[in-house]
Amino acid sequence: MTKHQEPIVDIKLARSFGINQEEFDSIQRIMGRMPSYTELGIFSVLWSEHCSYKNSKPLLKLFPTRAPQVLQGPGENAGIVDIGDGLGIAMKVESHNHPSAIEPYQGAATGIGGILRDIFTMGARPIALMDPLYFGSLEDAHVRHLFSGVVSGIADYGNCVGIPTVGGSVVFDESYTTNPLVNVMCLGLVENKKIMRGFASGSGNLVIAVGATTGRDGIHGATFASEELSEESSAKRPSVQIGDPFTKKLLLEATLELIESGLAVGIQDMGAAGLTSSSIEMASRAGTGLEMDMSQVPLREKGMTPYEIMLSESQERMVVVAPKENYEQIKAIFDKWELHCSSIGVVTDDGHVRIKWGEEVFADIPVKALVDEAPVYERESQKPGYLDKLKQFIQNDIKEPKDHNRSLNIVLSAPTIASKRWVYQQYDHQVRTNTAVLPGSDAAVLRIRGTNKAIGITTDCNGRYCYLNPFNGGAIAVAEAARNLACSGAKPLGLTDCLNFGNPYKPEVFYQMKQAVEGLAEACKVLEVPVISGNVSLYNESLTHSVYPTPLIGMVGLIEDLSQITTQWFKEPGDVVFLAGDIKSQPDIGGSEYLKVVHGQVNGDAPAIDLSAEKKLHDFVRDAIKAGLVRSAHDCSEGGLAVALAECCFTPPLDPLLNKEGTGLVADLSDLPGRSDFKLFAEFQSRIVLSCKPSDIEKLEGLAKKQGVDIMKLGTVGGDRLVIKDLIDLPVAEARKTWEEAIPNIMK
Amino acid sequence: MKFAVITFPGSNCDYDCYRAVKDHLKCPVEYIWHREHSLNDCDCVILPGGFSYGDYLRTGAIARFSPIMRQVIDFADKGGPVIGICNGFQILLESGLLPGAMLVNRSLQFICKTVHLKAENNKLPFTNKLTKNQLIKVPIAHKEGNYYADQKTVRELEENGRVVFRYCDSSGKADDTANPNGSVNNIAGITNQQGNVLGMMPHPERALEQLLGSSDGVLIFDSIKNFLGAK
């Protein structure tokens, strides 16, 4: 038997584990004694922000989480919504921001690994990945290193596992320079009667560790994710786990085979805080206790202590709880897939987690204390001073440029607006042959095999809007996601959120967080989209500032008939182009990409948003699609109307619908109010560009009138130029080249 | 008329190939695990795409040692039709059923997109439903698809009609701009001397429905069925 000598526990050690004095005192109170080294380690990870949500819990309660279609809301590994036919979609988003900041390739890769486990643990087969990414300016060489590292980490991992990466978003802004946001969302398809949950129930049942061996990688990863990055952060590179997509693929297949067999009663992935959080969360859900012998855990390194084994974040591991008599059959499944499978303990009924090495006890803690008694803080909130300053912005002080073609070219080549083909071409977006709308349109669309249905998927958040106006920014993130789905023909079923913010101990940051969450919650209520899962990533800070508040939204919606799948691109010359939604308001260029890249300012307010008008617009567009009146639908967002119209002209290469005669546009915006450049580039919400056959004009206008939605004819599809009367006249091929080559040219 | 889809640890297009046979051809098909020792009397073998053994060491380099590969080689030697797609092509190269090797794409990046192919040999079990030099649209998705062989081998392939598919543009021109990965002579797919083993980097199983962007892969699957039916 190995003898493990543990270090002395005191406040200094506790602090180095991220535990403050107040928390250290309450740990001693709960234990009635000084905790052991292993116990302190367990407390530190379970009470970290990453696992306990101690600074965000009161805010998360604001989200609506119930709706008839919700089969599983927040609290499990992933949320699940019903899509009919006995099928459900499991969905969750995660962040891997800090690991990606110091080791972009492995950081991004293991982010995918983690989110995949959350999905297949529920019994769902992963069917799609989405990658919303936020970086600094590509002018910066280090940012280019982070960008290319993250993209190839995602590509190598996702491609190897064989899950298509069907979309995402990439935003570039100086606020993210040293602290990029690397979020990843996964969706899985599950037969509703086979949904699996993470319960360690049944006293006497075995606790089984399966998958890869346990090493020293990633120890304290959860704690690391719960503090600010600093100059010393790169010394924490060993806190970043190393991914093995090949083993992950085997683990995925073996786990789904195990669930199919019905041999297990509970399964949980080992993600952040490894064996500690997985086993203890399972016991907490089931109201049971656990006794585990660390000497039985398959290890990849010699001399590991119980502390290290409990806190390791080695990838590709799961915990299974199952009756003793099923053990041999379970082992046979993992043997087939050449994976480890080892019984490491039993479920008990005393509500304690007991960690042993042979007979020696290293930790003995009440489960309730670790999970339910984790601290919850209502942090101090203070309105940041910058907000009032921004309100003084007067847009008419901005000089109107003479050449709008030039402005459009500048905006089209801004990396945030430009084509992301350089990114998504590196992702396998077609494997498993369900992807009906490839990356590049408003929402990705996957058909559901064996049905006539499809799902639309999108991720959205404009961090700049949230910085300028946290409440509206939050509401817009939800509204834009729902709008993207409406444009693809889908009705939203549920959303998952990744709340990326700075350090919540800064009152200004907590203000942003609170306001943004209130905005999200309000939009969820009005647009009737429940929150089914989510993640919180705080402490996203660089040396000088917090990142823009970025509450990222991933949303899934249902398209009831494959024939209703709609894309953003114009389809045929002669089709008539309309603008639906807000066509009467004066334009406001606050927070726009135009203001930033043409005039060098981040200023003003975020765009206004009227959520009930937004809802009407979505219903109208979906109804028009259902009625077969819509040839194309595209959301107006970043870059404004001019960019939206240009994107409608950029038919994807090899598209079977690409018409030889060209899908250019001749439009006239004279009837829209406001100054010319504002008309072109203001980022109005609640606007959708539609095209229809000339023979359907009356029907489309009639439907709009009936539903109380304003609609205005803008022009006609045709030719090979993008013409906006008196303002813009560019060959489509040239504009497209500007837009398409911007990122590849920088990354050469 | 039964098809075998060989599954290696790390295969990930096995499911798509299985569905292609089952849903499109409506023929019997079974997965055969790489550790098996029999092809169960199947009439056509599909080596699917993916990352067998995680592409560790070299693409296809470990999979060729899987027990089932002996049966696959035997089956091919007896004239049975074998098609290797993407990683399946790489495994065929490593196991010596086809000549040459794969290099990393010249962009050094994974590439997923739909390309045009010219079908230059329409006399094979896999191409008999195509017309000679017919252009088809099929997706590619690989990082190591930059086909390479020495000059002598390439000459032999070219002179004997063993270059089955070539990357080209929408007008059929097979020049460098139409070459997605740097492969020698724009080669996308080749066959063995007997014409019963096909290796191709593009994925015909991803091009069976207009809903997903192209249905030109139908011609390849229908050719196999046609060949087996006529046998």
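Residues are numbered from 1 along each chain as its sequence is written, and chains are lettered from A, and ligands numbered from 1, in the order in which they are written. Because the model is predicted, local features need pLDDT of at least 70 and side-chain atom pairs count only at pLDDT 80 or more, whereas totals for chains, interfaces and linings use all residues; side-chain values use heavy atoms, with hydrogens and water left out.

Helices and strands are DSSP runs numbered from the N terminus (helices H or I, at least four residues; strands E, at least two). In chain A, helix α7 (residues 104-120) packs against helix α8 (residues 141-161) at an angle of about 40°, and the two axes are 7 Å apart. Axes are lines fitted to C-alpha atoms, for helices over the stretch in contact, and angles run from 0 to 180 degrees between N-to-C directions. The crossing of α7(A) with α8(A) is right-handed, the term used when the near helix is turned clockwise from the far one by less than a right angle, left-handed being anticlockwise. Contact (heavy atoms within 4.5 Å) involves P104(A), Y105(A), A108(A), A109(A), I112(A), G113(A) and L116(A) of α7(A). Their partners in α8(A) include H145(A), L146(A), G149(A), V150(A), Y157(A) and V161(A). By class, 11 residues of this contact are nonpolar, six polar and one charged. Here Ala, Val, Leu, Ile, Met, Phe, Trp, Tyr, Cys and Pro count as nonpolar, Asp, Glu, Lys and Arg as charged, and the others, Gly among them, as polar.

Helix α8(A) also packs against helix α10 (residues 245-261) of chain A, at an angle of about 35° and with the axes 8 Å apart. This crossing too is right-handed. From α8(A), D156(A), Y157(A), C160(A) and V161(A) meet P245(A), F246(A), K248(A), K249(A) and L252(A) of α10(A). The contact of α8(A) with α10(A) comprises six nonpolar, no polar and three charged residues.

Within helix α8 of chain A lies A155(A), which is buried at a relative accessible area of 2%. Buried means under 20% relative accessible area, exposed over 50%, and partly exposed in between (1.4 Å probe, protein chains only). Not counting residues up to four places away in sequence, A155(A) touches C160(A), Q426(A) and Y427(A). The C-alpha atoms of A155(A) and Y427(A) are 5.0 Å apart, although 272 residues separate the two along the chain.

E316(A) occupies the loop between α12 (306-311) and β10 (317-322) of chain A and is buried, with 1% relative accessibility. Its side chain reaches the backbone nitrogen of D244(A) at 2.9 Å. The side chain of E316(A) also makes a polar contact with the side chain of K248(A) at 2.7 Å. A polar contact is a pair of N or O atoms within 3.5 Å; within protein, one must be able to donate a hydrogen and the other to accept it, and residues adjacent in sequence count only if both atoms are side-chain atoms. Beyond its neighbours within four places in sequence, E316(A) is in contact with residues including R117(A), Y157(A), P245(A) and L251(A).

The contact between the chains takes 35 residues from chain B and 33 from chain A. About 2,900 Å² is buried between them, 56% of it on carbon and sulfur atoms. Of the area that chain B buries against chain A, 20% is supplied by C112(B), L211(B) and L212(B), more than by any other three residues. Buried area is the accessible area (1.4 Å probe) that two parts lose on being put together, summed over both. Q430(A), in the loop between α17 (421-424) and β14 (435-437) of chain A, is buried at 6% relative accessible area. Among the residues it touches, leaving out those up to four places away in sequence, are P164(A), C112(B), T114(B), P139(B), R206(B) and L212(B).

Two aspartates of chain A have positive phi. D85(A), with phi near 55°, lies in the loop between β2 (79-84) and β3 (87-95) and is exposed at 56% relative accessible area. D726(A), with phi near 70°, is found in the loop between β25 (721-724) and β26 (728-731) and is exposed at 69%. Most residues other than glycine have a negative phi.
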